[in-house]
Amino acid sequence: MDFNMIIEEHDFYFALTPKMQTDLINFLFFDFKKQYASFFDPCEQGFTNELIVNLYARNQPPNQQLAAPGRKMEEFYFISEGYVSVNGPRIM
């Protein structure tokens, strides 16, 4: 299932009542929210809905650079398996 399609149906999604939006998000993204419960559980439902409806999911191949050193990140990543090496500026 391509959950990215919800982005293309914003008009439909935003025509739903807030409860219907929440029900839809909870139904479609139950496993995703459960996998990242430590992130989503403390969040307000409206924030969670807005974040999820704007997600663009994709897989990154191993050993791919996600951001250039010294540059500000422009994307948000959820890591489901593997690991990420972070090399940032040293703070003393």
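1. A friendly place to start is Y36, which counts as buried because its relative accessibility is 11%, below the 20% cut-off. Please keep in mind that this is a predicted model.

2. Y36 has an aromatic partner. The whole structure holds ten aromatic pairs. In one of them, the ring centres of Y36 and F78 are 4.8 Å apart and the planes meet at 50°, so the pair is tilted. This pair links distant parts of the chain, with Y36 in the loop between α4 (30-35) and α5 and F78 in the segment after α6, 42 residues apart.

3. F78 also pairs with F40, and here the rings are stacked, at 5.6 Å centre to centre and 20° between the planes. Since F40 lies in helix α5 and F78 in the segment after α6, the pair ties together parts 38 residues apart in sequence. Both F40 and F78 are buried. The two belong to one aromatic cluster, together with F32, Y36, F39 and F76.

4. Next, have a look at T48 in helix α6. T48 is buried, with a relative accessible area of 1%. Beyond its neighbours within four places in sequence, T48 is in contact with K33, F40 and C43.

5. For a view of the surface, turn to V86 in the segment after α6 (45-53). V86 is exposed, at 72% relative accessible area. With I79 and V84, V86 forms a nonpolar surface patch of about 280 Å² accessible area together.

6. Finally, a word on confidence. The chain has a mean pLDDT of 83, and 86% of its residues reach 70 or more. Where pLDDT is low, the predicted coordinates should not be read in detail.

Technical notes. Residues numbered from 1 in each chain as written. Predicted model: local features only at pLDDT ≥ 70, side-chain atom pairs only at ≥ 80, totals over all residues. Heavy atoms only, no water. Patch = residues over 30% accessible without salt bridge, like charges linked within 9 Å, V, L, I, M, F, W, Y side chains within 5 Å. Areas by Shrake-Rupley, 256 points an atom, 1.4 Å probe, with all protein chains shown as cover. Salt bridge = Lys/Arg side-chain N within 4 Å of Asp/Glu carboxyl O. Helix = DSSP H or I, 4+ residues; strand = E, 2+ residues; numbered from the N terminus. Buried < 20%, exposed > 50% of the residue type's maximum accessible area, 1.4 Å probe, protein only. Contact = heavy atoms within 4.5 Å. pLDDT = per-residue confidence, 0-100. Phe/Tyr/Trp six-rings, centres within 6.5 Å; stacked < 30°, edge-to-face > 60°.
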